[in-house]
Amino acid sequence: MKSHYIFIISIVAFFSLLSCDSQTEETINSEDNNAEKLTFEERKERHITGSLSMDATEKYNTEIFKDKLNDDEFEDAIITVNRLDFAKKKALNLKNKKQIEEMGYIGDYNYFIFYDGKLDKFSVPVPVPSSPINKLKVKFENLSSEKYKDLTIEYRILNASFKNYYSIYGDVLQEIFQVKIFDHLNESKPEAYFLEYDKGSICNVKNIMVYEGKITNYPNKIEDVYEFEPEIAKTNKLFKRWFYNPKFMKYMTEDPELMKN
């Protein structure tokens with residue numbers, strides 16, 4: 001299982017980098033000839049099924065999360081798409097069906113779409129390689145400004161969970177940080193981390209402090225790692241401090257020991 005785990009994490013890292021660079025280079029303008037006759041919900045569904053080339057019979061789940069994601073007066077939205085049913089059907093005729101099922105159907109079956117309220121546009125669906133057994137967890141947090149929010153998305157891969165951070169530059173949503181939340185569930189030494197934010201080191205964007213955490217509801221044995229929701233408490237041990245570098249539009253790490261000087 002460990003070899004499969006390492007392989008999958010490598011693949012996920014590759015696709016994450018790939019999707020970050022290209023996710024908003026292409027947007028689909030909803031202002032077609034019939035757009036004014038359709039409701040937002042109808043436009044959303046047409047955009048999802050068309051962009052992902054879905055079969056008319058496919059069952060999928062969507063959720064909408066609304067907030068201001070940039071410095072204008074318009075409300076924006078994040079739309080998540082979960083294709084668990086498609087993942088299961090795709091695995092039916094594969095020789096390694098059982099293995100795929102045990103690993104949680106990991107692949108490009110969770111997506112999110114950025115809707116720009118000012119431009120009235122939907123972005124292309126952005127894949128988040130992960131297990132579709134767990135839907136994407138969307139949260140909005142004040143990192144860049146107190147006037148608007150930044151996007152965070154949590155997702156599951158095997159016995160681990162990760163969190164991606166996104167900010168808008170112009171009308172483009174870009175990934176700026178990725179961090180592990182927990183790992184190695186059902187193993188001898190599970191990992192867990194607790195996140196806090198502090199004043200930015202070199203600009204107004206807040207630092208991200210990652211503390212070692214402790215899972216307070218850890219059972220003797222976890223029957224299903226995808227169903228288990230860890231409750232993580234903060235410890236006093238700072239694992240890493242990350243600061244935002246506007247030159248590279250990414251978070252970079254600082255050695256906690258150097259911060260003491």
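**Entry 1: terms and ground rules**

Buried means under 20% relative accessible area, exposed means over 50%, and partly exposed lies in between (1.4 Å probe, protein chains only). I am looking at a predicted model, where local features need pLDDT of at least 70, side-chain atom pairs count only at pLDDT 80 or more, and totals for chains, interfaces and linings use all residues. Residues are numbered from 1 along each chain as its sequence is written, and side-chain values use heavy atoms, with hydrogens and water left out.

**Entry 2: confidence**

I checked pLDDT, the predictor's confidence in each residue from 0 to 100. The mean for the protein chain is 88, and 84% of its residues reach 70 or more. Residues 1-15 have pLDDT below 50, and this stretch has 17 contacts (heavy atoms within 4.5 Å) beyond near neighbours in sequence. Residues 17-31 are also below 50, with 28 such contacts in the model.

**Entry 3: the whole chain**

I found four helices and 14 strands in the protein chain. These are DSSP runs numbered from the N terminus: helices are H or I with at least four residues, strands are E with at least two. Of the 261 residues, 44% count as buried.

**Entry 4: the cores**

Next I looked for nonpolar cores, meaning sets of buried Ala, Val, Leu, Ile, Met, Phe, Trp, Tyr and Cys residues joined through side-chain atoms within 4.5 Å. In soluble globular proteins, nonpolar side chains tend to be buried together. The largest core here has 43 residues, and Ile 78, Phe 112, Leu 151 and Tyr 251 have the most contacts inside it. Several strands each supply at least two residues of this core, including strand 4 (110-116) and strand 8 (150-157). Strand 10 gives the most, with six residues.

What does Ile 78 touch, not counting residues up to four places away in sequence? I noted Phe 112, Leu 151, Val 138 and Leu 173 among them.

**Entry 5: two residues**

Is Ala 87 buried or exposed? Ala 87 counts as buried, because its relative accessibility is 2%. Ala 87 sits in helix 3 (residues 84-91). Leaving aside neighbours within four places in sequence, its contacts are Tyr 105, Tyr 109 and Pro 132. The C-alpha atoms of Ala 87 and Tyr 105 are 6.2 Å apart, though 18 residues separate the two along the chain.

I then moved to Ser 161, in strand 9 (residues 160-169). Ser 161 is buried too, at 3% relative accessible area. A polar atom of the Ser 161 side chain lies 3.4 Å from the backbone oxygen of Tyr 155.

**Entry 6: salt bridges**

I counted a salt bridge wherever a side-chain nitrogen of Lys or Arg is within 4 Å of a carboxyl oxygen of Asp or Glu. The structure holds 15 of them.

Arg 43 pairs with Asp 120, with the closest N and O atoms 2.9 Å apart. Arg 43 is in helix 2 (residues 40-51) and Asp 120 in the loop between strand 4 and strand 5 (121-123), so the pair ties together parts 77 residues apart in sequence. Arg 43 is buried at 12%, whereas Asp 120 is partly exposed at 22%.

Glu 191 bridges to Lys 180, the closest N and O atoms being 3.7 Å apart. Because Glu 191 lies in strand 11 and Lys 180 in strand 10, this pair ties together parts eleven residues apart in sequence. Glu 191 counts as partly exposed, at 24% relative accessibility.

Terms used
Polar contact = N/O pair within 3.5 Å; in protein donor to acceptor, adjacent residues only side chain to side chain.
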